[in-house]
Amino acid sequence: MQISLKHFLLFILYPCFVFSQVEEINPLKEIKTITFKGNTPESQLPVLRLGEQLVLEFDVLNGNEDDYYYEIKHYNFDWTPSVLMQAEYLKGFNEQRIRQWDNSFNTYQIYSHYTLTIPNEQTQALTKSGNYLITIYNEYDEIEFTRKFMIYEDIADVGVAIKRSRDVENIEELQSVDIVISSNKLQFINPKQTIKTVVVQNNNLNTAITDLEPQYILGNELQYRYVKESNFFGGNEYRYFENKDLRGANTGVQFIRLKELYNSYLYLDIPRAEEIYTYNPDINGNFLITALDTDAPEIYADYAKVHFSLKLNKFKNGQTVHVYGNFNNYAVDKSNEMIYNDEAQLYEIPLLLKQGFYSYKYVVKDKNGIVDENVIDGNFYQTENNYKVLVYYRNLGARYDRIIGVGEGNSVNITN
């Protein structure tokens, strides 16, 4: 058994399901490179306009051409299940088999590449805005993984401005998100009750701010200008590497060795918390699958063991160091935990990754499970970060939370 029976698992994991938030399930070893995107080239958190196409891709590291199925469910703002019946938010059929796959070609690592596009012949449309969870399970009804995505209606205008923090005590480390929401199509009624916002930094839902209320209500315009509540730590620019050519070193790769698979050894990383900030453009935690001399990297790109190493004194208090980014859904678990090499006095780990361009960072988890994203590389207000603001609306007496607008801002031109 991989996890458990699909419907039985949800009951076991969430015995008080209606009162607890749903958590994403990450895959085990065989499933890799979950690319979940909408209208962007690189994989990132899918936030789609109602009616736009959604594409989910993943690899299974065998040549068995196994059957996989998907199920889509609608959720409230707080990720508890909505009361909508399936027919109210989905046109067509749910719990369908994924019918498009191809086997890898001319690669050392054999894999099957699966592609799910919505809408398709079975699932013609998702008809409501809001939060969604897609579950992928196998022919034995066992969950393989789940992913969240959002669909919005273009009803409200959402202005986003990134400022230096008004909290002067930490002004060198923080970035503040100011928001202005307005609409000519919708009259906001009791907005402190009916309007909710989610502010996401670099497509990472784990660090999102979800409890902001409008401070100023000027007619049908809502303004958010907090001193502390809308602050994010600036962090540092993501590290990155590119291994689109496995026969020659590319950006961030020191050398390559062919064993049973290609092995890409990255340059030794060092902590940057005490260094001066340096602007270095990145893709903010996202990744892009790409390979040299092919227009179809989905099946022509190979897998390589990518060796990460970090020069750092060993933590003594049960803390662990992990490599993460969008490529592993910002998970912090055993699969990306680095091992300390006492002889070389560094942390290291090999990760099996498909050819492409990856951005990543090193994070530290303490013995209580609390993750510090920036203790190794520091926090700088100048860091280029991307922010998304999702605006949810549930009118009095309504049965579900709509997403009525999305705004986006970047800190590259941060102001006071």
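**Briefing: salt bridges, strands and backbone**

Glutamate 172 has a relative accessible area of 47% and is partly exposed. Its side chain meets that of arginine 164 in a salt bridge, with N and O 3.1 Å apart. The model described here is predicted. The protein chain contains 30 strands and four helices. Its radius of gyration is 22 Å, close to the 22 Å that the globule rule gives for 416 residues, so the protein chain is as compact as a globular protein of that length.

**Overall form and surface**

- The C-alpha trace of the protein chain spans about 65 × 55 × 40 Å along its principal axes.
- Buried residues make up 54% of the 416 residues in the protein chain.
- When contacts between residues at least 6 apart in sequence are considered, 73% join residues at least 24 apart.

**Salt bridges**

- Side chains of opposite charge can pair when their charged atoms come close.
- The whole structure holds 17 salt bridges.
- In one of them, aspartate 59 pairs with lysine 354, and the closest N and O atoms are 2.9 Å apart. This pair links distant parts of the chain, since aspartate 59 belongs to strand 3 (residues 54-60) and lysine 354 to strand 26 (residues 346-354), 295 residues apart. Both aspartate 59 and lysine 354 are buried.
- Glutamate 88 forms a salt bridge with arginine 399, where the closest N and O atoms are 2.7 Å apart. Glutamate 88 is in helix 2 (residues 86-89) and arginine 399 is in the loop between strand 29 (386-393) and strand 30 (402-410), so this pair ties together parts that are 311 residues apart in sequence. Glutamate 88 is partly exposed at a relative accessible area of 25%, and arginine 399 is partly exposed at 40%.
- Arginine 164, the partner of glutamate 172, is buried because its relative accessible area is 17%, and buried means under 20%.
- A network of salt bridges links Arg239, Asp269, Arg272 and Asp377.

**Surroundings of valine 180**

- Valine 180 is part of strand 13 (residues 174-182) and is partly exposed, with a relative accessible area of 27%.
- Leucine 222 is 42 residues from valine 180 in sequence, yet the two C-alpha atoms are 5.6 Å apart in space.
- Leaving aside residues up to four places away in sequence, valine 180 touches Asp157, Val158, Gly159, Glu221, Leu222 and Gln223.

**Backbone features**

- Most residues other than glycine have a negative phi, and most peptide bonds are trans.
- Isoleucine 118 and proline 119 are joined by a cis peptide bond with an omega of about 10°. Proline 119 sits in the loop between strand 8 (112-118) and strand 9 (123-126).
- Glutamate 65, which is not a glycine, has a positive phi near 55°. Glutamate 65 is placed in the loop between strand 3 and strand 4 (68-75) and is partly exposed at 35% relative accessibility.
- Asparagine 190 also has a positive phi, about 50°, although it is not a glycine. Asparagine 190 lies in the loop between strand 13 and helix 3 (191-194), and at 40% relative accessibility it counts as partly exposed.

Notes. Residues numbered from 1 in each chain as written. Predicted model: local features only at pLDDT ≥ 70, side-chain atom pairs only at ≥ 80, totals over all residues. Heavy atoms only, no water. Helix = DSSP H or I, 4+ residues; strand = E, 2+ residues; numbered from the N terminus. Rg over C-alpha atoms; globule rule 2.2 N^0.38 Å. Buried < 20%, exposed > 50% of the residue type's maximum accessible area, 1.4 Å probe, protein only. Contact = heavy atoms within 4.5 Å. Salt bridge = Lys/Arg side-chain N within 4 Å of Asp/Glu carboxyl O.
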